[in-house]
Amino acid sequence: MNTLMKLTLLFLLSILFSQSVNSQNLKYIEIDSLTSIGQDDVALIKIEDFLQKKSTLSEREFAELLYHKSVVFFNQGDYSTSSKNAKESIDIIKQSESNFDLYYPVFHTYANASGVIGNNKVAIEECQEAISLLKKSNATKPGILARFHIKQAKLHSSNSEFDLSEAALAKGDSIINLLEDENTRLKISKEYLSVKAKLFAQTGKMKESIAITSKLANIATEEKDSTQISALNNTIALSYFRLGDYGKCKHHVEQSMAVNLKKYGEESPKMLRNYSNMGVVCMKLEDYDTAREYYEKTRTIIENTMGTENIEMSSLMFNLGVSHFQKQEYDKALPKFKESLRLRRKFLGDAHANVAHATQIIGATLIGQNKMSEAIPYLEKALDIRLKLGNPLDPELTRVYSNLAICHQYNENLDKAQEYVDAAYETVGYDHSTPFEFDKLVAPFMFSNPLELDISLATDRYKRSGTEQDYQSLERKGILADSIQNYLKFYLDDPGSRMVATAKNMLVYDELVNGYFERYTKTNSKEALQKAFTLFEKSKNTMMYEKLAEESSEYTIGMPNELIDQKFALEDSIAYYEELSGTLEGDELAQILKKVNEAKSAFYEHLAKIKKEYPTFYESVYDYPTISMDAYAQMLAPDEATISYFFGNGNTYGILIKEGTYSIYNCGESIAIDSLFELFSVTIAKRNDPEAYTPHAKHLYDQLIKPFDIEGISHLYILADNLLGLVPFEVLINSETNNFLLETHSISYHYSATLHAKKSNSSQRKGEILAMAPVFESLDQNTYYAGLLETDIFRDNLSALPNSENEINALASLFKSKKYDRNKATEAAFKKHASESHVIHLATHGFVDHNSPDNSRLYFYDDSSSTEDGKLHAFEIVNMKLNADLVTLSACNTGVGAIRKGEGVASLGRAFAYAGCPNQLISLWPANDQSTTTIMSNFYQNIDNGDTKAMALHNAKKQYLATSPGILQHPYYWSGFVYYGADSPLKISRNSGLLDSKLFYLLAFVLLGITLFYFSKK
């Protein structure tokens, strides 16, 4: 509809309403209508026309017109004029109690405009005067007073006066509870909740903020308020982002974006925020290609609305460069960074922090290209700008010094490199004279940067000299690395931060492993080998072990929940204030830094209290011991051996442990093994080319198995790391004998030796199987969420699984089972019975979300009468309390997922491990329905015959190969399922057949009745 048509419609509407409203109300309807269609200039002319007739206007009318004028100027971005007009209106309103119903809306505009121009203090004073005046008035409705208290709270929170904000909110809440009109109470309650949620977020209480904002989103959904649905989902997304839960953050950004796309269209400037947020969160999820897609959408809008020469374009080019940089596409990243630098210099000058940032990342990109001599001038320029900015504890300074150290180490100038490392230590607040007092660190996250380089330099020196002195220096740095990791475990709570810290520390461990391997090579030192093994353990699944330890300690040590809650709250506060400090300067920055120090002091006092009063809890959760090689070796039978792998940044190492023997090998460069794995993965899927995978399977065998002496070993435990967790070792081929490893060894997998030892004693109780096999025809494809109709495209294309029912019927014929098939196999049924089941067997479809592992899911029958949506997500599984001795995920890709440094493969199988299922049978690629049914039937028959779980799967695969013809012997069909867990028997209650059936007893009873009746007649 064009503007002329809109104005014509407006005129007709004014005629229509002229019979039912007086001319004065019509005046405001007309002004509101003009502003609603973006005709602010026309509205302003109308307002001025009315104001010219001041003598004919009442005070109230004049105040209203000034208010509308302030709104128009606010919409136009003239906040000073808006504030001035609103203040004039307020002064008139205060003259008469009959005008007090206008008081709050006018003040709302005044406060917003004042806030934009930095006059929050003036607005707070005006708000307090209004509250005092309203309290004295007899004409005031309680709702108006409540809204002023809430507005006062919002103003105080904007000034970081959180205690005053909390007090004002409490006063507003007490009035809300007295309001009689339900609609008014609901409306003001929403305002209260909105400010309360913001206050929680500002004080670092993100979980509380999310709970309140979600409640508001539900209200907005019921009211079908699309603007609020979008805004509130963005707010929730930001809270999850600060918590480090990027999967949930992305989900809520998507919800916000879906609303705005429908409302504004794909190329509207209103989409900029959504596209930018999606780019940022995809970067955090390491989905750089998708991030780049959203940044390109942002680029199109910026070019269409602002052109190419602007500061917004400089930020966009920087983000596009980072999306290439993170994928090591340095040739593509470099021109983006250089364009960003050009624009930043043009608009910000040569001495701005953002100019330094662009300059230093160009240096880092050149390092990635091994162009150290070209990188040094950029890094020195960035260093010069940073030093002139005058913040000696700037984390970016840490990065610049670290990169300069890398350049000089590469050029073999170790002394110069050490100077820059020492300078980098100083930027994080580290004092060499008190090496283990980490509470003095201003940026604990950044400590790993100089430490990694320091250890690398120590290793280089030891390689060159071989002296005991240089090795002792390396050892001291190893102790330091261990200590900082334990400190970070306690200092950081949220999963995202812990994962980032763990990944950064893995780089430190990587350098240490290189050093200990060098020591073992030079001296054959068992002590160095033990140290390397300990690092292997600490680099694997640390968060899983901590979760299990923490759950156990809750019941055995008696750590009070309130102390844990207080620790979390203090951590959240520190994280929030530190993040906020990066956006402020001057007095505001000084005020926030003071709050950072206060929060840290409180946290350190609390930490000291826990260490002192609950040392056992602290040690078991945050300083847990890893198993030693000797203790682990004693667990192994004479015919068993374990190979533990460490997939380093440079090299991949393996340690062989068997009875009385230990050895470590360098299996080759990790990048080469990565390439081999990619070739293996591609060729194993080529079922029409039976031999394509063979050379790659042989090459992987030569790299990963051949170096180790496994003669006389019948069972191998594989402790994989990184992408090696996606390799089914059974299918690797001995290049000398042309045999699969399956033919000579049975194999099972574990997440780490420490977890293997912890879970080696599986439950000896007997129990029932929960067996489920849903169907996927004629399903309701849609699920309603937050007011949006969200289609699950993956579910739309789910194929039928004709053999899945046969699979669970075979189980039910052997063991006592709760069997749910077809439309009975619902998510609700699973959640009802899973916690009481001894074995869980799910024959269904699985979906892996590599970018957001928490969103990976298993599919059940979608029961429209249930509140469940038929999709069991990984984040739901993790939070369940399960007690199954075995979970079998007879579905596609259940052992596949994003690879997290220090955690391994974030798969659906791992989610069940977190939930308390110690043993899992999972798949590494799409499962074939027919071959899966055969292998599963053989597996459970072997279990029934007394095989251990690992041997049952091993024999099931061999039985399949013995009976399957031709192409069906291709590894794609039989090697995709692997077993993680203890190699122990599985005790399941037998199905006694007809004697165990209720039908048997019913038939027997009927037959007895017939017999008695027959003889009674005789």
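Me: In helix α15, by about how much of the helix are Arg 299 and Glu 296 separated?
Reply: In this predicted model, both residues lie in helix α15, which covers residues 288-306. Because Arg 299 and Glu 296 are 3 residues apart in that helix, the separation between them is about one helical turn.

Me: How far apart are the closest N and O atoms of Arg 299 and Glu 296?
Reply: Arg 299 counts as partly exposed at 23% relative accessibility, and Glu 296 is likewise partly exposed, with a relative accessible area of 30%. The two residues form a salt bridge, in which the distance between the closest N and O atoms is 3.7 Å.

Me: How many residues apart in sequence are the parts that Asp 630 and Lys 526 tie together?
Reply: Asp 630 and Lys 526 form a salt bridge whose closest N and O atoms are 3.0 Å apart. Asp 630 belongs to helix α30 (residues 629-635) and Lys 526 to helix α25 (residues 526-538), so the parts of the chain that this pair ties together are separated in sequence by 104 residues.

Me: Is Lys 526 buried or partly exposed?
Reply: A residue counts as buried under 20% relative accessible area and as exposed over 50%, with partly exposed in between. Since the relative accessibility of Lys 526 is 42%, this residue counts as partly exposed.

Me: In which helix does Glu 126, the partner of Lys 94, lie?
Reply: The structure holds 37 salt bridges, and one of them joins Lys 94 to Glu 126, with the closest N and O atoms 3.2 Å apart. The pair links distant parts of the chain, 32 residues apart: Lys 94 sits in the loop between α5 (79-93) and α6 (103-116), whereas Glu 126 lies in the helix that covers residues 120-136, namely α7.

Me: Which residues are linked with Lys 94 and Glu 126 in a network of salt bridges?
Reply: Lys 94 is buried, with a relative accessible area of 18%, and Glu 126 also counts as buried, at 6% relative accessibility. The network of salt bridges that includes Lys 94 and Glu 126 also takes in Lys 87, Asp 91 and Glu 129.

Me: How far apart are Cys 407 and Glu 374 in space, C-alpha to C-alpha?
Reply: Cys 407 lies in helix α20, which covers residues 395-410, and counts as buried because its relative accessibility is 0%. Beyond its neighbours within four places in sequence, Cys 407 is in contact with residues including Ile 367, Met 372 and Ala 375. Glu 374 is 33 residues from Cys 407 in sequence, while the C-alpha to C-alpha distance between them is 9.8 Å.

Me: How far apart are the end C-alpha atoms of helix α13?
Reply: Helix α13 runs over residues 246-264, and at 1.5 Å a residue its 19 residues should span 27 Å.

Me: Which residue, with a positive phi, follows α13?
Reply: The buried residues of α13 include Tyr 246, Cys 249 and Asn 260. After this helix comes a residue whose phi is positive, near 95 degrees, and that residue is Gly 265.

Methods: Residues numbered from 1 in each chain as written. Predicted model: local features only at pLDDT ≥ 70, side-chain atom pairs only at ≥ 80, totals over all residues. Heavy atoms only, no water. Helix = DSSP H or I, 4+ residues; strand = E, 2+ residues; numbered from the N terminus. Buried < 20%, exposed > 50% of the residue type's maximum accessible area, 1.4 Å probe, protein only. Contact = heavy atoms within 4.5 Å. Salt bridge = Lys/Arg side-chain N within 4 Å of Asp/Glu carboxyl O. Expected span 1.5 Å × (residues − 1).
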